[in-house]
Amino acid sequence: MTDTPRERERDGGACCAPSRATSPVRGAEQRAEQGAAPAPETADAERARSAPPPTSPVPYGGWCPLPGGTFLMGCDDSPYPADGEGPAREAAVGPLRLAATAVTAAEFAAFVTATGHRTDAERYGWSFVFGGFLPRDFPPTRAAAAAPWWRQVHGADWRRPEGPHSDLDGREDHPVVHVSHDDALAYCTWAGARLPGEAEWEYGARGGLHGKPYPWGDERDPGGTYRMNIWRGSFPDRNTAADGHSGTCPVDAFPPNGHGLFNMTGNVWEWTADAFADGGSGGGPDSRALRGGSHLCHESYCLRYRTSARMGNTPDSSSGNTGFRIAL
């Protein structure tokens with residue numbers, strides 16, 4: 001029998017974007033093998049990370065100015081009550097600019113070239129990769145206990161999304177992945193920007209609509225058209241890729257919402273500036289909130305490709321479906 005979304009809650013956020021805090025290797029005797037402590041950064045790398053560019057770069061898709069105001073945030077009928085989506089309540093945000101798209105792999109490469117930044121995935125030596133993206137002859141690796149489709153892959157990072165055998169060829173305009181919250185903050189410092197707060201993110205994602213579950217309205221696939229990149233088929237064994245993408249897609253692959261913002265749901269989870277204060281998926285004392293769902297979300301286990309959906313993860317966690325966008 002297939003678990004319902006509510007039954008899946010007990011597995012926490014591991015199904016959506018796994019956490020290093022609930023890593024595949026358990027027990028003190030195994031932590032050294034796993035590489036629990038990242039390699040320290042050098043003083044030069046730390047200085048480079050904090051050095052802003054001569055001029056702030058313009059995001060790939062440009063900036064979308066948002067006037068701010070009050071809006072209805074959250075929802076009253078979330079399939080995951082512990083995530084803290086509800087109750088629906090009035091929230092206020094000030095004027096801001098949001099990047100029209102998530103940060104691309106090419107943009108992140110420019111940041112790394114300018115600063116020498118090493119991501120947490122590189123410092124740990126591994127990151128989480130969806131098992132279905134690994135070659136059939138890939139060596140056995142450890143899996144997340146609650147979500148065995150997540151595999152610990154040594155050498156997986158933003159340059160090599162599926163591990164040492166992969167690269168970014170043809171994916172320069174896809175969102176950068178395998179970036180932690182700490183990596184996102186380092187990029188923001190360099191770019192002269194910041195991460196959006198949860199209310200700002202949701203205000204932008206709703207595109208001016210009132211209380212709608214998707215950035216374009218009430219229906220997931222209006223008129224039978226696909227408006228976002230999610231898992232189509234049966235998870236985790238068969239993805240039909242009916243929306244045109246089996247993994248990540250270009251950051252502007254689908255039409256923008258009413259605010260001119262692309263892919264606010266689906267494709268990759270996006271880090272925000274706020275702590276994940278409630279329990280629910282990935283909750284913890286230092287967890288940070290992510291929004292938007294990803295290309296691995298499926299209604300049978302992770303109905304989080306909605307404007308109000310949220311989850312949390314530890315700030316050093318990374319995976320092949322987690323990225324970010326910036327704000328001013």
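## The largest cavity

In this predicted model, the largest cavity is lined by Pro-215, Trp-216, Arg-227, Met-228, Phe-254, Pro-255, Pro-256, Asn-257, Leu-261, Asn-263, Met-264 and Thr-265. Sorted by class, that lining is made up of 8 nonpolar, 3 polar and 1 charged residues.

The space inside the largest cavity comes to about 70 Å³, and a search of the whole structure finds 2 cavities of 30 Å³ or more.

## Confidence in the model

The average pLDDT of the protein is 87, and 83% of the residues score at least 70. Over residues 1–13, however, the pLDDT is below 50, although the model gives this stretch 27 contacts beyond near neighbours in sequence. The pLDDT also stays under 50 over residues 25–35, where the model has 15 contacts beyond four places in sequence. Where pLDDT is low, the predicted coordinates should not be read in detail.

## Two crossing helices

Helix H4, which covers residues 105–115, and helix H6, which covers residues 181–191, have axes that come within 11 Å and cross at roughly 75°. Because angles of 65 to 115 degrees count as roughly perpendicular, H4 is described as roughly perpendicular to H6.

On the side of H4, the contact is made by Glu-107, Phe-108, Ala-110, Phe-111, Ala-114 and Thr-115, while H6 contributes Asp-183, Ala-186, Tyr-187 and Trp-190. Taken by class, the residues of this contact of H4 with H6 divide into 7 nonpolar, 1 polar and 2 charged.

How values were computed. Residues numbered from 1 in each chain as written. Predicted model: local features only at pLDDT ≥ 70, side-chain atom pairs only at ≥ 80, totals over all residues. Heavy atoms only, no water. 1 Å grid on protein atoms, 1.4 Å probe; cavity = no way out; pocket = protein on both sides within 12 Å on 5 of 7 lines; lining within 4 Å. Points joined across faces, edges and corners; volume = space filled by probe spheres on them. Nonpolar A, V, L, I, M, F, W, Y, C, P; charged D, E, K, R; others polar. pLDDT = per-residue confidence, 0-100. Contact = heavy atoms within 4.5 Å. Axes fitted to C-alpha atoms, helices over the stretch in contact; angles between N-to-C directions. Helix = DSSP H or I, 4+ residues; strand = E, 2+ residues; numbered from the N terminus. Parallel < 35°, antiparallel > 145°, perpendicular 65-115°, else oblique.
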